[in-house]
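The report below goes through one protein chain, element by element, and is meant to be read beside the sequence and the structure.

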Amino acid sequence: MFSTLQTVYTALADAQSCDLFWSLYRTRVERSLLPFYDQLLQLDRHVKAPNLVTLIRDNRDGQKDEIAIYGNSREQVYYECAEKIVDILAAYDIRVSYNCVDDEALPVERELPKVTLEEFVAGHPETKLIVCQPFNAFWRAKFEEAGVPPENLYFFRGARGAQYFEPMMKPGAHEVFVDAGCLNFGSSVDFAAWCKTRFDAIYAFEPDATNMQKCKETLDGTALDQSRVHLIPKGVWSEDAVLRFAEEGTGRSKLTEDGEQSVEVTSIDSALQGGPATFIKMDVEGAELEALKGAAATIQKYRPKLAVSLYHRPVDLVELPAYILGLVPDYKLYIRQHATYPVETILYCVCDGPAAL
């Protein structure tokens, strides 16, 4: 285990990645040794957002803010996030006083008074508002335009959106993007903007039928040349197979032995049939290692940029980069954290020079 840790750590390309690696190792691999608040503190300095840690810190030190929570945008993940926040704050004797709701939000399932966003702004000018959505320009503008003072806004999650396209990921002239776990095609849209639509192909994999319909609708709403886009209604795995699947119509859908549905899965190597990839993004709810195994030939031959979710299983923090380095020892590794809670951790892998085509 120590030699594997050393191999991964040595391949990390900057100080931020090294610092974050050990912070994540403590919060995930050794998480039973740390109180939850201390886990949040380990990640706090890596996320550029006024967040839950700040609110907990202030109120633990004697400050007693009135607090409201804006639950979600009808996406299950944000709804669950709101439920979790109420529990986290309660553990520190911090009470949430209001559910802030509007047409885009569902209230958390707690006995909390509900106020509309307009009522909140008019009647609670000093109340702190916890927002479960990502810390990005859209959500900041939404609440600031509604009249919520910026100093009263706290975000549970860091910036998302184009999180797979950090500055070390530089576009080439003929990009071929593999979007493994494309959900609603949003990452592929971000990819097209990132490379200024100078791409040869997009291969987008999504086994959830509801999500695939969202992908089609998103694609139809863009100006992208659909002849270069391949929507593949399958999961990614180490081989072609039929596996059990829990279909939720959200980002939480996943391959699991307890799933009530069955879906087809394929390998990236099989889908590309020896063709190139310059960029592979993976967010497949814990199936990342098997998906990487199914992309081994592509990765070894073309050395594409990789952006891989690193948080679905505690062992992924070490196991995934170690496997990738076993395929291509020359990869430089970067880790970035996009939420104060221990999720939305992305591993970026790049080689010097363009991908081999």
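## Burial and the overall chain

A residue counts as buried when its relative accessible area is under 20%, as exposed when that area is over 50%, and as partly exposed in between. The model discussed here is a predicted one, and by this criterion 53% of the 357 residues of the protein chain count as buried.

The protein chain has 13 helices and 16 strands. Among contacts between residues at least 6 apart in sequence, 69% join residues that are at least 24 apart.

Most residues other than glycine have a negative phi. Phe185 has a positive value, near 75°, and Lys196 is likewise a residue other than glycine with a positive phi, in this case near 55°.

Phe185 is found in the loop between strand E6 (175–180) and helix H8 (186–194), while Lys196 is found in the loop between H8 and strand E7 (199–205). Is each of these residues buried or exposed? Phe185 counts as buried because its relative accessible area is 0%, whereas Lys196 has a relative accessible area of 55% and is therefore classed as exposed.

## Strand E1 and its parallel partners

Strand E1 (residues 67–70) is covered on both faces, with Ile67 and Ile69 on one side, Ala68 and Tyr70 on the other, and all of these residues buried. E1 runs parallel to strand E4 (residues 128–131), to which 4 bridges join it, and within this pairing Ala68 has Leu129 of E4 as its bridge partner. E1 also runs parallel to strand E2 (residues 98–101), here with 3 bridges, and the bridge partner of Ile69 in E2 is Asn99.

Thr116 lies in strand E3 (residues 114–116) and is partly exposed, with a relative accessible area of 30%. Which residues does Thr116 contact, leaving aside its neighbours within four places in sequence? The contacts are with Cys100 and Val101; Val101 is 15 residues away from Thr116 in sequence, yet the two C-alpha atoms are 4.9 Å apart in space.

E6 pairs with E13 in the parallel sense over 4 bridges, and Ala180 has Met282 in E13 as its bridge partner.

E13 pairs in the parallel sense with strand E14 (residues 305–309) as well, again over 4 bridges. In this second pairing Phe279 stands opposite Lys305 in E14.

## A mixed four-stranded sheet

An open sheet is formed by 4 strands in the order E9-E12-E10-E11, with mixed pairing. Its edge strands are strand E9 (235–236) and strand E11 (254–255), each of which pairs on one side only.

Strand E10 (residues 241–246) and E11 run antiparallel and are joined by 2 bridges. Ala246 stands opposite Lys254 in E11.

## Helix H1 against helix H13

Helix H1 (residues 2–11) packs with helix H13 (residues 316–327) at an angle of about 75°, and the axes of the two helices are 9 Å apart. Since angles from 65 to 115 degrees count as roughly perpendicular, H1 is therefore described as roughly perpendicular to H13. On the H1 side the residues that meet the partner helix are Thr4, Leu5, Thr7, Val8 and Ala11, and on the H13 side they are Val318, Pro321, Ala322 and Leu325. By class, this contact has 7 nonpolar and 2 polar residues, with no charged residues.

H13 itself has 12 residues and reaches 16 Å from its first C-alpha to its last, which is close to the 16 Å expected at 1.5 Å a residue. Buried residues in H13 are Asp316, Leu317, Val318, Leu320, Pro321, Ile324, Leu325 and Leu327. Val318, Pro321 and Leu325 are among these buried residues, and they are also among the H13 residues that meet H1.

Conventions:
Residues are numbered from 1 along each chain as its sequence is written. This is a predicted model: local features need pLDDT of at least 70, side-chain atom pairs count only at pLDDT 80 or more; totals for chains, interfaces and linings use all residues. Side-chain values use heavy atoms; hydrogens and water are left out. Axes are lines fitted to C-alpha atoms, for helices over the stretch in contact, and angles run from 0 to 180 degrees between N-to-C directions. Angles under 35 degrees count as roughly parallel, over 145 as roughly antiparallel, 65 to 115 as roughly perpendicular and the rest as oblique. Contact means heavy atoms within 4.5 Å. Ala, Val, Leu, Ile, Met, Phe, Trp, Tyr, Cys and Pro count as nonpolar, Asp, Glu, Lys and Arg as charged, and the others, Gly among them, as polar. The expected span of a helix is 1.5 Å times one less than its number of residues. Buried means under 20% relative accessible area, exposed over 50%, partly exposed in between (1.4 Å probe, protein chains only). Two strands pair if DSSP finds at least two bridges between them.
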